[in-house]
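Here are my notes on this model for a first reading. Please keep the structure open beside them.

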Amino acid sequence: MMRAVHFGAGNIGRGFIGLLLSDSGYEVTFVDVNETLVGLLRERREYTVSLANESQDTVTVRGVTAISGNDAEQVAAAVAGADLVTTAVGVNILKFIAGNIASGIRRRLAAGAAPLHIIACENAIGGSTQLKEHVYSHLNEEERQQADSRVAFPDAAVDRIVPLQHHEDPLHVTVEPFYEWVVDRSSMFEGFEPVKGVHYVQQLEPYIERKLFTVNTGHCSAAYLGYLQGIATIQEAMADEAIARHVREALDETGKMLVYKYSFNAEEHTSYIAKIMERFRNPYLTDEVVRVGRSPIRKLSPNDRLVRPALQAFAGGIEPVRLAGVMAAALRFDYADDPEAAELQAAVKELGAGAALTRYTSIPEDHPVHEMVMKQYSAWKPSNTL
Ligand SMILES: NC(=O)C1=CN([C@@H]2O[C@H](COP(=O)(O)OP(=O)(O)OC[C@H]3O[C@@H](n4cnc5c(N)ncnc54)[C@H](O)[C@@H]3O)[C@@H](O)[C@H]2O)C=CC1
Ligand SMILES: O=P(O)(O)OC[C@H]1O[C@](O)(CO)[C@@H](O)[C@@H]1O
């Protein structure tokens, strides 16, 4: 049986990647630092996944186990013996798992093991490439050269909405029916075994930008605008006409840019947006705005879902006023339980909103998009929203 090691037994790990890997005949070993999840997966060797649809179809994922991410020896041994390694831990966590992956690679190289693909399934452009940089920082020059021909890090785009779970069974996970997992095959070794349900493409950039700048831009727009209005869930935010209109218009801004940049068919892209708006409204899901808005510093970073499409749109002659509005709302996301929101608010207090915006987005203070954000930021005093 083929063996996959998957880092992160969380919502995407269990509800999406682990499920597809298991469906493709892999025995999946999850690596996680949540000892409750690890203990239960080891004990039961299975878990259930339900679809958020009318019939709540449920499947049991079998042939799984887990090891603790704190057990460096076991993790390295698992990576050394794996046929495939995947991650869904959060892009900021990749650096923390890199050391153990590097130890596993070192062992593989010494044993002359088969080539290995390592795929980071995170919401980021070049997630696997980022992981590779972290892993390579733990290898010496000779090991890096050997790894170049034995280990590949294909980038990927992953799309499936999996909200925070509130079940009695900590392993059970409810997911939206839709999914899309696209992997860059251009850096993969010949003769790889395809995972069922994965779409392999020669050029990933159009797929990752379309996904990140539509699904994730739209979702975080609903989250930040909803939060600003004191709304708790994405479903309620999307029921608010002004918010839904703003989300839609923000997606028109990214859409025009994407259609131009990648020569997408405009009508098909419009349908893609409409389908995504419907996914946000899925009445069988309850998705908290504070989950979807989590990590605002990451979401405001230059290569992420707001700044990158806004600047690309601006460069192409499109005024990204709605995207700027979402950035302004993100600056007002003061959810105290989110460490990045707390850091952002502290920076706004210390430096002022304009300088904080520049610090996290790298948009210079004299840039017209900076001005658009600040204009909206001032208009959106907490008592004077949308
Ligand atoms: N939830 C969603 O709808 C989607 C999430 N994503 C991406 O998937 C990734 C994971 O997101 P979720 O599953 O929602 O988060 P999650 O918080 O449910 O899962 C992350 C898991 O990683 C584990 N983890 C943290 N540090 C670790 C370490 N050092 N070693 C091993 N495991 C560690 C956590 O304990 C947790 O179980 C993120 O990059 C997210 O952007 C992508 C598409 C959809
Ligand atoms: O960690 P992030 O980037 O907020 O990831 C979660 C996001 O990804 C999505 O699943 C979209 O694929 C949304 O549910 C959510 O907005």
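**Notes on the model**

1. Start with a loop. Serine 263 is found in the loop between helix H9 (241–262) and helix H10 (266–281). Helices (H or I, at least four residues) and strands (E, at least two) are DSSP runs, numbered from the N terminus. Phi of serine 263 is near 55 degrees, a positive value in a residue other than glycine. Most residues other than glycine have a negative phi. Serine 263 counts as exposed because it has 9 C-beta neighbours inside 10 Å. The cut-offs are these: buried means 20 or more other C-beta atoms within 10 Å of the residue's own, exposed means 12 or fewer, and partly exposed lies in between, with C-beta atoms placed from the backbone.

2. A word on the source. This is a predicted model, in which local features need pLDDT of at least 70, side-chain atom pairs count only at pLDDT 80 or more, and totals for chains, interfaces and linings use all residues. Residues are numbered from 1 along each chain as its sequence is written, while chains are lettered from A and ligands numbered from 1 in the order in which they are written.

3. Arginine 45 also has a positive phi, of about 65 degrees, although it is not a glycine. Its place is the loop between helix H2 (35–44) and strand E3 (46–51). Is arginine 45 buried, exposed or partly exposed? It counts as partly exposed, because 14 C-beta neighbours lie inside 10 Å.

4. Now the six-stranded sheet. It is open, with parallel pairing and the order E5-E2-E1-E6-E7-E8. Its edge strands are E5 (64–68) and E8 (151–152), each pairing on one side only. Two strands pair if DSSP finds at least two bridges between them. E1 and strand E6 (residues 84–87) pair in the parallel sense over four bridges. Phenylalanine 7 has threonine 87 in E6 as its bridge partner.

5. Helices lie across this sheet's strands. H2 lies across E2 and E5 and runs at about 140 degrees to E5. Helix H5 (residues 127–136) lies across E6 and strand E7 (116–120), at about 115 degrees to E7. Axes are lines fitted to C-alpha atoms, for helices over the stretch in contact, and angles run from 0 to 180 degrees between N-to-C directions.

6. There is also an open sheet of three strands. Its order is E9-E11-E12, with mixed pairing. Strand E9 (156–159) and strand E12 (198–201) are the edges, and each pairs on one side only. The twist averages 15 degrees from one strand to the next. Strand E11 (residues 180–184) pairs with E12 in the parallel sense over four bridges. Tryptophan 181 stands opposite valine 198 in E12.

7. Next, the record. An unreviewed UniProt entry places the feature "binding site" at twelve-line detail worth checking, with Ala4 and Ile12 among the positions. UniProt positions are given in the numbering used here, feature names are shortened, and annotations may be inferred rather than shown by experiment.8. Alanine 4 is found in strand E1 (residues 2–7). It is buried, because 25 other C-beta atoms lie within 10 Å. Not counting residues up to four places away in sequence, alanine 4 touches Leu21, Tyr26, Val28, Ala82, Asp83, Leu84 and Thr86. Contact means that the C-beta atoms of two residues, placed from the backbone, lie within 7 Å.

9. Isoleucine 12 lies in helix H1 (residues 11–23). Why does isoleucine 12 count as buried? The reason is that 26 other C-beta atoms lie within 10 Å. Leaving aside neighbours within four places in sequence, the contacts of isoleucine 12 include Cys121, Val158 and Arg160.

10. Ligand 1 has 26 residues around it, and Gly8, Gly10, Gly69, Glu122 and Asn123 come nearest. A residue is near a molecule or strand if its C-beta atom, placed from the backbone, lies within 6 Å of it. The largest share of this shell, three residues, comes from H1. By class, the shell around ligand 1 has 15 nonpolar, eight polar and three charged residues. Ala, Val, Leu, Ile, Met, Phe, Trp, Tyr, Cys and Pro count as nonpolar, Asp, Glu, Lys and Arg as charged, and the others, Gly among them, as polar.

11. Which residues are around ligand 2? They are Asn123, Asp159, Ile161, Val215, Asn216, His219, Val292 and Arg294. Helix H7 (residues 205–228) gives the largest share of this shell, three residues. The classes are three nonpolar, three polar and two charged.
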